[in-house]
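Colleague: Could you walk me through this model? I would like to hear about its inner space and its helix packing.

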Amino acid sequence: MFARNVTLHVKPNQTKEITSKIDKEILPILRKADGFKDLITMSRENNETVGISLWNSKEQADAYNKNSFPQVTKVLEPFLTGVPEVRTYEVSGSTSHKFVAV
């Protein structure tokens, strides 16, 4: 399993709007992507929102990054103060997905 951690620096007072955009426009894009398993979003008071998406494989996450993430960035751009920061990880375990790396 593989994870993408995307940090968004949100304009002041736009956290609710960006959360709505993620739910209504970004999540449907993710659900259509091969290998997508789950999305966890979190927001902090300092206008930072983090999304962690889980994927079956690094290759599938990379394909999403290449083919769909530019569209996602364009949708979110009006609410951001900078560019999204993307970090990737190999998942070593997940209790909710009953996954343990071998």
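This is a predicted model: local features need pLDDT of at least 70, side-chain atom pairs count only at pLDDT 80 or more; totals for chains, interfaces and linings use all residues.

Colleague: Which residues lie nearest the centre of the largest cavity?
Modeller: A cavity is a set of points on a 1 Å grid over the protein atoms alone where a 1.4 Å probe fits but cannot get out, and lining residues have an atom within 4 Å of a point. The lining of the largest cavity has 16 residues. Nearest its centre are Val6, Ile26, Leu39, Gly51 and Phe69.

Colleague: Which element gives the most to that lining?
Modeller: Strands are DSSP runs of E with at least two residues, and helices are runs of H or I with at least four, numbered from the N terminus. At least two lining residues come from each of β1 (2-9), α1, β2 (36-44), β3 (48-55) and α3. The top contributor, with 4 residues, is β3.

Colleague: How are α1 and α3 oriented to each other, roughly parallel or roughly antiparallel?
Modeller: Axes are lines fitted to C-alpha atoms over the stretch in contact, with angles from 0 to 180 degrees between N-to-C directions. Helix α1 (residues 15-32) packs against helix α3 (residues 69-76) at about 160°, the axes being 10 Å apart. Angles under 35 degrees count as roughly parallel and those over 145 as roughly antiparallel. The two helices α1 and α3 are therefore roughly antiparallel.

Definitions and conventions: Residues are numbered from 1 along each chain as its sequence is written. Side-chain values use heavy atoms; hydrogens and water are left out. Angles under 35 degrees count as roughly parallel, over 145 as roughly antiparallel, 65 to 115 as roughly perpendicular and the rest as oblique. On a 1 Å grid over the protein atoms alone, a cavity is a set of points where a 1.4 Å probe fits but cannot get out, and a pocket is an open set with protein on both sides within 12 Å along at least five of seven lines; lining residues have an atom within 4 Å of a point.
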